[in-house]
Amino acid sequence: MNYDFIVIGSGPGGYVAAIRGAQLGFNVAVIERAEQGGICLNWGCIPTKSLLKSAQILDYARHAGTFGIKIENAEPDFAAIIARSRDVADKMSKGIQYLFKKNNISVIAGTGKLTPDKQVEVTNTQGEKTLYSAKHIILATGARSRVLPAIPQDGKRIIGYREALTLNHCPASLLVIGSGAIGSELAWFYNTMGAQVTLVEFMPNILPIEDEEVSKQIGRSFKKAGINVMIKSTVESIDTTGELLKVNIRNKKGDIEIHEAEIVLSAVGIAPNIENIGLEELGIEMEHGKIKVDDYYRTNIEGIYAIGDIVHGPALAHVASAEAICCVEKIAGMTPAPIRYDNIPGCTYTTPEVASVGLSEAKAKEAGYELKIGKFPFTASGKASTAGVNDGFIKLIFDAQNNTILGAHMVGANVTEMITELVVARQKGLTAHDLIKTIHPHPTMSEAVMEAAAAAYDEVIHL
């Protein structure tokens, strides 16, 4: 019952911490109360991308005539699409189980809780409690769908993202509250499946954390696809007494509109899973509703660490994994560099896709930088034209004083696969001319990065 490491949670933070610990010679156990692989693998990143791929294929089929191919009456088999999504998630979960076995990691099924003497009490499904001890305990308990008091979720008609992944039919109408990555991705999926979708966002633009030009482009693309986008709007209440839900929305003019929907999806963010895990009993310090940690994810209690959605920083799978490796390597006596939270890429897998890193134009101006900005539209891209995906652009923001990259903002096909070039460039302090003078293959979507950099310095060729 004694381990070098105990990790509570097996999501992209927890399982990576466990595997890296085992690689470094530690005796590791993972405590998991649900599916191995956590929310991202089972109920988030992976199954969502499966659904979106099915929707993309359907969209291609419906527009096949544009490419000189005849496909008649392309229709979704909704049950099969959901089943494929679940199958992909199950296979990935089995992959994590294999990695645990390969690395001799013990998996303990149940709910873990810290005890006042720094052990871990695990309660299994039968209610039986067992104590485990370890020199190092890493909390990686993740997060869940945030529930607004005015919009209680019943899991059937008013749902969160988890239920949205396993509906037994495509609703005729869906109202989505919140246009972050989760809300926007699921709005696009259900719209493509044939639902009448209304997307409600409190902020002035959808995907509000993105650069304003990117957000406005996605708004245009969504409207062109048939999604009813309502910005500067708030859901005041929902009447559940009728066959259809009646949603009272205060619009951008301040007037109340009533919208009917079969299902309402609340996608207003996530809440960290920090309740009932023993934080109070041990006196672990909190900060802004999350566990306070240092650069190496140490809490104020020796031997207790925290990573992922329960600590500061963006709640993204790749961030949790990076934090896990940094934390474990520091424990092992290595010298990992602290994570640069100013260089975290963000991706949204709508059509078109969105990817970004660094400062938006507004944030860069607010910080006092003198800017050089280059944009290259995909309407001028040969590869985008051949693929029939001209929506979008690349926008690069440079510090005019030293020509380094302050921010990169992309909207278009496959841009989530292209953003890493800019992440590496920022990490290494490369300049605009490093990008301009790097030969990019033609024809590719990625050569738009070179062209955008060139546009900022009046050297662009294809505009």
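## Exercises: ring pairs and an open sheet

Tyr-457 is buried, as its relative accessible area is 13% (buried means under 20%, exposed over 50%, partly exposed in between, with a 1.4 Å probe and protein chains only). We're working with a predicted model, where local features need pLDDT of at least 70, side-chain atom pairs count only at pLDDT 80 or more, and totals for chains, interfaces and linings use all residues. Residues are numbered from 1 along each chain as its sequence is written, and side-chain values use heavy atoms, leaving out hydrogens and water.

**Exercise 1.** Classify the ring pair of Phe-398 and Tyr-457.

*Solution.* 
- Start with the rule: rings of Phe, Tyr and Trp (its six-membered ring) pair if their centres lie within 6.5 Å; planes under 30 degrees apart are stacked, over 60 edge-to-face, and the rest tilted.
- Here the centres sit 5.7 Å apart with the planes at 65 degrees, so the pair is edge-to-face.
- Next, locate the partners: Phe-398 is in strand β23 (residues 393-399) and Tyr-457 in the segment after α14 (447-456), so the pair ties together parts 59 residues apart in sequence. Strands here are DSSP runs of E, at least two residues, and helices are runs of H or I, at least four, numbered from the N terminus.
- Finally, check burial: Phe-398 has 0% relative accessibility, so it counts as buried.

**Exercise 2.** Find the edge strands of the open sheet of 5 strands.

*Solution.* 
- Write down the order, β8-β15-β9-β10-β11, with parallel pairing (two strands pair if DSSP finds at least two bridges between them).
- β8 (158-159) and β11 (228-230) each have a single partner strand, so they stand at the edges, with one side left without a neighbour in the sheet.
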